[in-house]
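Please work through the following exercises with the sequence and the structure at hand. Each task is followed by a solution in steps.

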Amino acid sequence: MKRIVTLLAVVALIAALAVPSFAGGKKVKLAYVEWDCAAASTNIVKAVLQERLGYDVEILPVAAAAMWQAVASGDVDGMVTAWLPVTHADYLERFKDKVEDLGPIANGAKLGWAVPSYVTVDSIEDLNKNADKFNGKIIGIDPGAGLMRVSENALKEYNLDKFELVEGSGATMTAALSNAIKNKEWIIVTAWTPHWMFGKWDLKYLKDPKQVLGGAEHIDTVVRKGLKEDMPEVYKVLNNFKYTSIDQLQKVMAWNQEPGSDRYENALRFIKENKAQVDSWLK
Amino acid sequence: MDIPKIPIGHFIELFINFLVDHFSFATKAFSVVMEAGLEFLEHAMMAVPPLVFIVIAAALVWFLSKKRSLGIFTLVGLALILNLGLWNATISTIALVLISTLIAILIGVPLGILAAMNKTTNRIVMPILDVMQTMPAFVYLIPAIPFFGLGKVAAIFSTVIFAMPPSIRLTCLGIRQVPTELVECAEAFGSTRWQRLIKLELPLATNTILAGVNQTVMLSLSMVVIAAMIGAKGLGGEVWKAIQRLQMGNGFEAGIGIVIVAMILDRVLQQIGKRNN
């Protein structure tokens, strides 16, 4: 017991000796999901708010459900990673009274099923004939994701009775893909663009003639209700924040993929290289 | 035969919404205080230069465990963490685990004593412990956000729930295992219930209680990755980030960090337990 007391005393002593540096000033909290597109956009917003407007911005990587819940409960001020109309449809439906959707930052995002380019099948309609080569599996992501829901629909619509959709996570999906490509095996994964896997490997989307997997997606900014009144400046930047095209976002994501690169540094680089665009967000 | 589904989920949702509407101001306030405390502890530990910290920690471990090998392991292990660039994440994780464990013990041990002394309490507490230990953390992590906010306090909340049961169970067990002859003896000498507890049962149960505390620390550490999903950062955050991006090397590095911290804490606590014999 004495030792425990000693231990606690030492901890208390260290605590008392240190000078806590509580950052003063205006604080903004943003949540994001640890996807490359989300991390890139979130860091750019962070950099703009910090470097240009002097805010102290905290960015929190969390799970998608936690991100939406946190914006809805007003615990974070917003996020720039809402995938709509399909992927995050359930979340928006649940929280639509508590959040404000500020519209897209990028159009032309996409959901679908992807295969390595050496796979000779091109369309979802031809999958049933080749079920054996794929082991009858489609490698999915988190069970709750909107992409999984539309993938279930696709299984039904195309009568893919020889296939099962395997649940897992974004990480297990990319791991399975990586492994299959190494062994030149055939594999189907549920995929979305922008995603780093398209930069790393040579992949192609399977054609989806029935448009079950959704057309184009857009990535929206969503903020908590009341941000407009509390922090009009921040609201304005979040409202104006927009890429000229999805390629612009892909480019930043590619920078972030370079070994040893720092996301915040890359965000600063983006601000420097696109000064006029960033200025227009502040107006 | 079509029996309607019992709307358990619906009622739970109503209940949670009710709590959020009426009590979240209190939990939010609690959250602010906790966060300030945690931040203070973290800043304090980070203010110490890493190398100085490592030497102090190694010396402390050596002193507490009276084992030189463990002191050397602490020195090398923490130096490795520093070398891997995981210092800040590690400190943040240690702060989180320290506070979680402290809360878990402060609630758990008294509850364990109560459960050992009182049959009704025991009957109520044990099934709750089953729920606490087996309910997947994610089920209550997301609803915890409106109460405690995103980040460390919600993480502490879930960690405490997950890590507390062994403290309660083993405290209860330790007290119940005190031989009846000794209890009768104490009663024969006319000791009160309090005297019996403080002077006989608790000292005899110390080892078992410490084993429970040890388990609590270990479970707290095992929660850090799950807690990262709601923004707890730290070593768990590094692991989670690396896994999401398929950077297996980074994932293992951060994992090794967790293992080193766990081994140091575990061995020190075990040694303290042994010395009590």
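**Exercise 1. Charges over rings**

Task: Determine over which ring the charged end of A:Lys26 sits.

Solution. Step 1: the criterion is that NZ of Lys or CZ of Arg is within 6 Å of the ring centre and within 35 degrees of the ring normal. Step 2: the charged end of A:Lys26 is placed over the ring of A:Tyr55, 4.3 Å from its centre. Step 3: A:Lys210 likewise lies over the face of A:Tyr158, at 5.0 Å from the ring centre.

This is a predicted model, in which local features need pLDDT of at least 70 and side-chain atom pairs count only at pLDDT 80 or more, while totals for chains, interfaces and linings use all residues. Residues are numbered from 1 along each chain as its sequence is written, chains are lettered from A and ligands numbered from 1 in the order in which they are written, and side-chain values use heavy atoms, with hydrogens and water left out.

**Exercise 2. Aromatic pairs**

Task: State how many aromatic pairs the whole structure holds over all chains, and classify the pair of A:Phe134 and A:Trp186.

Solution. Step 1: rings of Phe, Tyr and Trp (its six-membered ring) pair if their centres lie within 6.5 Å; planes under 30 degrees apart are stacked, over 60 edge-to-face and the rest tilted. Step 2: the search over all chains returns 17 aromatic pairs. Step 3: the ring centres of A:Phe134 and A:Trp186 are 5.3 Å apart and the planes stand at 45°, so this pair is tilted. Step 4: A:Phe134 belongs to the loop between strand S4 (99–116) and strand S5 (137–139) of chain A, and A:Trp186 to the loop between helix H6 (170–182) and strand S7 (189–193) of chain A, so the pair ties together parts that are 52 residues apart in sequence. Helices (H or I, at least four residues) and strands (E, at least two) are DSSP runs, numbered from the N terminus. Step 5: A:Phe134 has a relative accessible area of 3% and is buried (buried means under 20% relative accessible area, exposed over 50%, partly exposed in between, with a 1.4 Å probe and protein chains only).

**Exercise 3. The surroundings of A:Ile44**

Task: Decide whether A:Ile44 is buried or exposed, and list its contacts beyond four places in sequence.

Solution. Step 1: A:Ile44 is located in helix H2 (residues 36–53) of chain A. Step 2: its relative accessibility is 0%, so A:Ile44 counts as buried. Step 3: with contact taken as heavy atoms within 4.5 Å, A:Ile44 meets A:Phe241, A:Tyr243, A:Val252, A:Ala267, A:Phe270, A:Ile271 and A:Trp281, its neighbours within four places in sequence being left aside. Step 4: a separation of 9.4 Å is found between the C-alpha atoms of A:Ile44 and A:Glu265, which are 221 residues apart along the chain.

**Exercise 4. Two helices of chain A**

Task: Describe how helix H11 (residues 263–273) and helix H12 (residues 275–282) of chain A pack.

Solution. Step 1: axes are lines fitted to C-alpha atoms, for helices over the stretch in contact, and angles run from 0 to 180 degrees between N-to-C directions. Step 2: the angle between H11(A) and H12(A) is about 95°, and their axes are 5 Å apart. Step 3: H11(A) is therefore roughly perpendicular to H12(A) (under 35 degrees is roughly parallel, over 145 roughly antiparallel, 65 to 115 roughly perpendicular and the rest oblique). Step 4: A:Phe270, A:Ile271, A:Lys272 and A:Glu273 of H11(A) make the contact with A:Lys275, A:Gln277, A:Val278 and A:Trp281 of H12(A).
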